[in-house]
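Please open the model in your viewer and keep the selection panel at hand.

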Amino acid sequence: MPATAPAIARMGDQRLLDLQFRELHLSIEKSPIAPAVAQLYRELKSKKLRFRPHVWLSTEWFTPDCVPGIAVPFYLAHPRLRQLERDQMLEVEGGTRHWFMRIFRHECGHAVDNAYC
């Protein structure tokens with residue numbers, strides 16, 4: 001049975017920890033991250049910047065060398081995964097909208113720099 005978003009919400013911690021990343025069936029577009037991506041793009045546009053970094057889900061925040069994009073931790077894509085992260089790590093890096101946007105803007109700066117490798 002594939003782990004859809006509603007199924008994730010009902011899973012116990014151990015079941016979630018046993019899943020592979022691909023089995024979570026997460027996407028930026030169907031997550032709480034989507035409005036933040038739209039906000040970043042609006043902010044860039046308001047400053048007359050045409051750059052729009054590619055955004056994808058990964059295991060942590062980062063911007064790879066020479067890639068004009070931003071990796072966002074997958075646990076931010078679903079409330080149940082945020083809770084699991086909090087339970088396991090005692091905090092959720094980027095877990096509030098304000099904190100998320102601060103990190104996201106920071107990573108966007110790296111993505112701009114990487115656009116010119």
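This is a predicted model: local features need pLDDT of at least 70, side-chain atom pairs count only at pLDDT 80 or more; totals for chains, interfaces and linings use all residues.

Residues are numbered from 1 along each chain as its sequence is written, and side-chain values use heavy atoms, with hydrogens and water left out.

Switch to a C-alpha trace, which spans about 45 × 25 × 25 Å along its principal axes. The chain contains 5 helices and 2 strands, taken as DSSP runs numbered from the N terminus (helices: H or I, at least four residues; strands: E, at least two). Their order along the sequence is α-α-α-β-β-α-α. Of the contacts (heavy atoms within 4.5 Å) between residues at least 6 apart in sequence, 52% join residues at least 24 apart.

Next, select residues 69-73, strand β2. Is this strand enclosed or open? All 5 of its 5 residues are buried, so β2 is largely enclosed by the rest of the structure. Gly 69, Ala 71 and Pro 73 cover one side, and Ile 70 and Val 72 the other.

Display Trp 56, which stands opposite Ala 71 of β2.

Now move to helix α4, residues 79-89. Its buried residues include Arg 80, Leu 81, Arg 82, Leu 84 and Glu 85. Just after this helix, Leu 90 adopts a positive phi of about 75°.

Finally, select α3 (residues 34-46) together with α5 (residues 97-114). The two helices pack at an angle of about 50°, with their axes 11 Å apart. That angle makes α3 oblique to α5. Axes here are lines fitted to C-alpha atoms over the stretch in contact, and angles run from 0 to 180 degrees between N-to-C directions; oblique is what remains after under 35 degrees (roughly parallel), over 145 (roughly antiparallel) and 65 to 115 (roughly perpendicular).

Show side chains at this contact. The contact residues divide into 9 nonpolar, 1 polar and 3 charged, where Ala, Val, Leu, Ile, Met, Phe, Trp, Tyr, Cys and Pro count as nonpolar, Asp, Glu, Lys and Arg as charged, and the others, Gly among them, as polar.

Terms used
Buried means under 20% relative accessible area, exposed over 50%, partly exposed in between (1.4 Å probe, protein chains only). Two strands pair if DSSP finds at least two bridges between them.
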